[in-house]
Amino acid sequence: MYWTDTWNFIKNLSPRRLFNAFQIYSSYYISKWSGKAVQWGNPMTISFEPTTACNLRCPECPSGLRSFTRPTGNLKSNFFKESLDQLYKDLMYLIFYFQGEPYINPEFLDMVKYASEKGIYTITSTNGHFLNKENARKTIESGLKRIIISVDGTTQEVYEQYRKSGTLSNVLQGTKNLVEAKKEMQSATPHIIFQFLVVKPNEHQIPEVYKLAEEIGVDEVKLKTAQIYDYQNGNPLIPTIEKYSRYQKQSDGTYKLKHKLVNSCWKLWHSCVITWDGAVVPCCFDKDATHKLGDLKQDNFKEIWHNPAYKNFRTSILKGRDQIEICKNCTEGCTVWQ
């Protein structure tokens with residue numbers, strides 16, 4: 001399964017995309033070593049936000065908490081296609097996810113199909129509540145290469161402690177629909193991943209999620225550490241298994257981040273996020289789009305990617321990443337867990 005997924009990625013590479021990646025890597029390491037922001041090439045990864053709407057109420061998610069200060073809405077297909085036409089020749093893969101539940105957008109799978117036809121490896125992340133038989137079939141027809149399904153518990157009692165307003169049986173049935181559709185349509189895609197966000201209420205079920213995935217026919221299980229916003233004085237979601245926690249308890253009972261921030265960030269050189277309404281923001285940790293570096297509905301992407309605002313933000317990362325609020329609780333560019 002892993003080799004099939006890897007091949008699906010490799011076969012869409014082109015000399016132009018590889019050369020662009022070389023330019024990005026080169027400029028990133030020159031910037032890291034010199035302390036001066038140099039940016040060559042265009043992003044090889046883009047995240048498009050299909051929607052900010054969500055059907056669940058997860059406690060550490062702005063969509064779930066309905067806490068955005070920015071407007072809620074759906075990405076429009078025409079705008080997406082116009083934007084992608086500027087980008088696709090250099091893109092290695094495209095993530096259809098930022099905030100919200102992608103399947104809520106009625107044009108979501110049409111946009112996936114458009115990207116797939118451009119030879120781009122496509123990924124999405126979903127809570128799995130909308131994978132009825134029709135959507136399962138349409139997902140395969142869209143050419144989607146990878147789908148991450150959030151399964152944060154193997155029983156309803158545990159699952160709903162984080163995935164509030166969610167129904168585990170719907171998620172499992174939706175996954176089965178997708179597995180069955182792949183078999184019926186003799187499709188190797190999408191590569192199906194169960195993502196298990198490890199928190200204290202579900203950490204005892206880690207072995208069970210692997211068994212559940214095997215029973216259903218899921219291709220892979222990924223364990224993910226949870227970002228906790230209010231962690232300093234402890235939080236009931238922080239795992240007791242230290243391996244799966246981003247936070248470390250100190251002698252005075254308070255918590256700190258395990259890692260040390262380094263003054264570099266690979267994401268700022270190879271990727272960015274485009275919100276449903278066209279704002280270009282630096283990464284997936286800028287959930288409320290507080291660092292708007294450009295507006296794709298007004299300017300060409302390449303102009304935004306190389307504009308003074310982007311250069312200044314990259315420079316600020318190199319000078320002091322710990323001074324940027326969205327970076328303080330991020331694992332990107334961090335030292336090895338201690």
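**Reading side chains and strands**

User: Is Asp152 buried or exposed?

Analyst: Asp152 counts as buried, because its relative accessibility is 1%. The term buried means under 20% relative accessible area, exposed means over 50%, and partly exposed lies in between (1.4 Å probe, protein chains only). Keep in mind that this is a predicted model, where local features need pLDDT of at least 70, side-chain atom pairs count only at pLDDT 80 or more, and totals for chains, interfaces and linings use all residues. Residues are numbered from 1 along each chain as its sequence is written, and side-chain values use heavy atoms, with hydrogens and water left out.

User: With which residue does Asp152 form a salt bridge?

Analyst: The general idea first: side chains of opposite charge can pair when their charged atoms come close. A salt bridge is a side-chain nitrogen of Lys or Arg within 4 Å of a carboxyl oxygen of Asp or Glu. Here the partner of Asp152 is Arg163, with the closest N and O atoms 2.6 Å apart. Asp152 lies in the loop between β4 and α7 (156-162) and Arg163 in the loop between α7 and α8 (168-184), so the pair ties together parts that are eleven residues apart in sequence. Helices (H or I, at least four residues) and strands (E, at least two) are DSSP runs, numbered from the N terminus. Arg163 is buried as well, with a relative accessible area of 13%.

User: How many salt bridges does the structure hold?

Analyst: The structure holds eleven. One of them joins Arg146 to Asp5, whose closest N and O atoms are 2.5 Å apart. Arg146 belongs to strand β4 (residues 146-150) and Asp5 to helix α1 (residues 2-10), so this pair ties together parts that are 141 residues apart in sequence. Asp5 is buried at 7% relative accessibility. Another salt bridge links Lys328 and Glu325, with the closest N and O atoms 3.3 Å apart. Lys328 is partly exposed at 35% relative accessibility, while Glu325 is exposed at 59%.

User: And rings: how many aromatic pairs are there?

Analyst: Rings of Phe, Tyr and Trp (its six-membered ring) pair if their centres lie within 6.5 Å; planes under 30 degrees apart are stacked, over 60 edge-to-face, and the rest tilted. That rule gives 15 aromatic pairs. Take Tyr29 and Trp33: their ring centres are 5.6 Å apart and their planes stand at 40 degrees, so the pair is tilted. Both residues lie in helix α2 (residues 15-34), four residues apart, about one turn of the helix. Tyr29 is partly exposed at 34% relative accessibility, and Trp33 is exposed with a relative accessible area of 70%. For Tyr103 and Phe108, the centres are 5.0 Å apart and the planes at 70 degrees, so that pair is edge-to-face. Tyr103 is buried at 9%, and Phe108 is buried at 1%.

User: Which residues form one aromatic cluster?

Analyst: The cluster is made of Tyr25, Tyr28, Tyr29, Trp33, Trp266 and Trp269.

User: Let's turn to strands. Which strand is joined to β9 by four bridges?

Analyst: Two strands pair if DSSP finds at least two bridges between them. Strand β1 (residues 45-48) runs parallel to β9, joined by four bridges, and Phe48 stands opposite Ile274 there. With strand β10 (residues 279-281), β9 pairs in the antiparallel sense over two bridges; in this pairing Ile274 faces Val280. β9 and β10 make a hairpin with four residues between them, and Gly278 in the turn has a positive phi of about 100 degrees. Both faces of β9 (residues 271-274) are covered, with Ser271 and Val273 buried on one side and Cys272 and Ile274 buried on the other.
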